[in-house]
Amino acid sequence: MAVKTDLERRIAEAHTTPIQKGELQPNCGVPLNLDWVEDVRVNTSAVERRAQSLVTRRTVKKEWQVAWLLRAITCMDLTTLSGDDSHQRVLRLCAKAKQPVQHSIMKQLGLDDFQLKVAAVCVYHSFVETAVRALEGSGVKVAAVSTGFPAGLSPLAERVGEIRRSVDAGAQEIDIVITRAHVFSGSWQALYDEVATFKEACGKAHMKAILGTGDLATLRNVARASMVAMMAGADFIKTSTGKETVNATLPVGLVMVRAIREYATRTGMIVGFKPAGGIRTAKQSLDWLALIKDELGDRWLNANLFRFGASGMLADIERQLEYYATGRYSADYRHPIA
Amino acid sequence: MSKIAEKFASMEYGPALEDPKESLAWLDRHKRKFGHFINGGWQQPMQGEYFDTTDPASGDKLASVAQGGAADVDAAVKAARAAFPGWNSLTPHERARYLYALARQVQKHSRRLAVLETLDNGKPIRESRDIDIPLVARHFYHHAGWAQLLHQEFPGYAACGVVGQVIPWNFPLLMLAWKIAPALATGNTVVLKPAEFTPITALAFAEICQEIGLPKGVVNILTGDGRTGEALVKHPDVDKIAFTGSTEVGRAIRKATAQSHKKLSLELGGKSPFIIFDDADLDGAVEGLVDGIWFNQGQVCCAGSRLLMQESIAESLVTKIRARMETLRVGLPLDKAIDIGAIVAPVQLERIRKLVDQGVAEGATCSQPGAQLPVKGLYYPPTLLTNVHPSSTVAQEEIFGPVLAAMTFRTLREAVELANNTTYGLAASVWSENINVALHVASQIKAGVVWVNSTNLFDAACGFGGYRESGYGREGGREGLLEYLEPAWFKQAAALPKSSAPAASQVAEEDESVTSGPGIDRTVKLYIGGKQSRPDSGYSFPIHASDGTLLGEAPLGNRKDIRNAVEAARKAEGWAKATAHNRAQVLYYVGENLSQRADEISARLARVVGEKQAAREVAQSIERVFSYAAWADKFDGAVHNPPFRNVSIAMNEPVGAIGIASPPEVPLLGFLSLVLPAIAMGNTVVAIPSERYPLITSDLYQLFDTSDLPAGVVNIVTGRAAELTKVVAEHDDVDAIWSFTDEASAAQVKLLSIGNLKQVFTNEGRVIDWFNNNQAEGRWFLQHAVQVKNIWVPYGE
């Protein structure tokens, strides 16, 4: 055998990351390390090529596809975030959250006892109490968008207060928005402090940090903002508010999950991911699940670590499930609306 | 638990098989038995011999195909020859319509072709469906365009005639397209032999030729093994051979065609470097490796098989690579969610195993993912070898499998040195987020294709082909078309009279007349490394005027002088980095000095070629110097237009050190007509003046010395031209050999060039009118003085 240098030995032994060993802890944040922000390298063309080929490299068929679509439903944050939201509208959404697919279809799929439900219902603060009451005992969580959603530009005290009020009202999850200007100006300390403050205000509630990736303009900005948000203690990082012109795209998702992987490798701490906005079809949900499976691993393929921020996607999945159950292509009106 | 609930719990991918029913039905329609496609129809092999082609994933027989014999080859060549005049005299637009129809028909039957390709070759259906077949269609579309524009874009050029093409098994239909599309677009007719492992899609393509009504005999497809290929290569009525395959076979083809006038292009093996700098997007680079070495089971001539990692990131990079290898899915090629399919044949699988074993025996650490391989079929897992060194077998030899050999480097300079530390030069991939680093490295790598922050990107608009022993000629783009064209005048040029070469020189000491005659007071020496030097042999030989009087003595150079001259030429490679403007200035200065000495040079030359020719030669030489001074900064490359967001730069780079044997009939003008284009493009030269009048050397070196030509750029060795040319042609550190003496020399240099597969450029023993600018100067010479490097630079923020 040839003599090995120290570097060669390290290379030979460089097998296992905390991710592979499965030794990951919930994220409690770390002090801001600017080197990790500076180290970020993202080649846009390379990211786009990977995102493009990923969806052609992976597909699931037949009962595997059904299983994956059901998994997608269990990872959904069923969302309504419109100016015309009302209590009745939210109640309707909650009803759908508890029973996302008709019994008859579940029965045809041989899943009578499956107890399918979405992960959470995501609403404005005003409807938190309504949703909490409606979902009591169902296991479906209530998430509130917060901190001056979607722009995130109201005074800091207001934003922090908003989190506290939602948590007090019973929200188990808080979707905060970052100040995008901090990213443009490279004010990483300011961004870190902001997210850390929100995290503290969340208390036991799970915090998802919305980066507003459509606003951030570059994938490198997305990666840097992801890294800072995780260091500041975010439980989840989330792409978008759904209100930007461009929302969750696969290249953006790829950059964020790679940041999550990098953070886990460096800290041994685990952060979840939520793409939101623009995900409308069953096919898209499968693409995202494949992305998570291949880039992060099976461990992330559940509602604890992965969520879809979507409203329209469910209807398409229902149609696909019915098609599988009956062998006939389905129609929208055959499924109860959310 | 129901089946669905189980799958919900496991979240496995599950099978996703492409249904091969339609494609198998196509095979059945042909009764799973194929003859040759000759003259527009199916013909049984004359010897009646067939062999089986199988699916490497299952071992099942797909069909039996004809084993081509010499008689089949002859029939196919005859059909192609008969079809040539008709096809070649179609208008460009008419040929364009046929190529367009081929593209359309390939698209219409794209899935059939993809499935057949996967069945026959073992590559994942994703690749044949998304990469191979779309590129095939793209190649025909693109070349339909070239067919249309042929006369406008290549005036003065003519088709070679009948082209023999031999292609490999790794991209069966794509390689067919790379060969047939440019050949047809330029008006040639074709006899193509697919690889014996993978003949099916070529036969499917034959049917497509029938379907679109391609005139009979324009495309002929012969199946068979190496013997069929050999018969095709050696067939006397073939005008050009285009080959893609191993360097070993490439050498044999060069040798087999040496005695002929067949034009030759070779696309051979590689051991391409994949260089990752510490400022690269490492995750992106790891995906690059997936597309590089784990594409097509690593059975790719330009696969990034030598990973060069900057030391500071080596450890984290290897961690990432190992993690990524775990998520690569190896399995049934027809499964749509498979990354790595089956190895094409048992012999290849055995070779991969053997080389990996050898690597481990030599000290490499081998890592492979934990997942089990399918029990049945020919599979090899993605493999990373670390603790590999440049001297390791696995770092030197082309493995042609999914095996990556990783090494580290410290500095950019070392990265380039390691990258170029190979006899190959096909491709390279450079990863850095710093465009200065990436382009600096790209410019220094000896390879025909360099991908910046990307890998294995191909397109019909971009030339592909190698440096060094990866072959010569390009496929794709404008540069690729030239491989199927020749200057029309050259095709028709008359053969040189057989005895045009002067009698072999005799050593001076044996010649009694050596001291007689007045005015012999010039001591002519060799010119090596900018110095006038005596020949190693210590001999001189007499040079006589046309009337027999002694003109003087020339030094009798030998192999050691050639060796020294080549060393000097290598050392002078800085000339390539001189700006083109600077080279032009030096050439203009040569012209200035030649003009000043015109009378004396002319007077001396007159005693050999007569006053009239001497005056013409000198005058024309001055003009030619000006021409190449002008060309020096104007023979531009191109920016191609592939369908990606990127800049693809086709750069003309000098070939390197070129050996040049000058024509005897015009001692001064002939010498300069060859040396000038070479040095104008930045090459260095070892020149052998004609034996007829080597005394010209003293005029030449005085000219060069006074014109600021850097030492070693031009080296001149006089002596027995045939012997000296032989030494240069065999020298492994010479990149090209140009012989313009006679037919015997042309054949000799082709034969002797195989050691390092140096590029060969000869007069094919034909007459060139050196006084005619349309023949003796310009693009034809410049094209041989450069090799095209395509640098792909994707961009985007």
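Which backbone oxygen lies 2.6 Å from a polar atom of the side chain of Gln396(B)? Keep that in mind for the first view. This is a predicted model, where local features need pLDDT of at least 70, side-chain atom pairs count only at pLDDT 80 or more, and totals for chains, interfaces and linings use all residues. Residues are numbered from 1 along each chain as its sequence is written, chains are lettered from A and ligands numbered from 1 in the order in which they are written, and side-chain values use heavy atoms, with hydrogens and water left out.

**View 1. Gln396(B) and its contacts.** The oxygen in question belongs to Pro390(B). Gln396(B) sits in helix H14 (residues 393-396) of chain B; helices here are DSSP runs of H or I, at least four residues, and strands are E runs of at least two, numbered from the N terminus. Leaving out residues up to four places away in sequence, Gln396(B) touches (heavy atoms within 4.5 Å) Lys271(B), Pro390(B), Asn421(B) and Tyr424(B).

**View 2. The buried side of helix H26 (residues 721-730) of chain B.** Buried means under 20% relative accessible area, exposed over 50%, and partly exposed in between, using a 1.4 Å probe and protein chains only. The buried residues of H26(B) are Ala721(B), Leu724(B), Thr725(B), Val727(B), Val728(B) and Ala729(B). Their cover includes helix H19 (559-571) and strand E27 (657-661) of chain B.

**View 3. Where H4(A) meets H6(B).** Here Ser53(A), Thr56(A) and Arg57(A) meet Arg126(B), Arg129(B) and Asp130(B).

Methods. A polar contact is a pair of N or O atoms within 3.5 Å; within protein, one must be able to donate a hydrogen and the other to accept it, and residues adjacent in sequence count only if both atoms are side-chain atoms.
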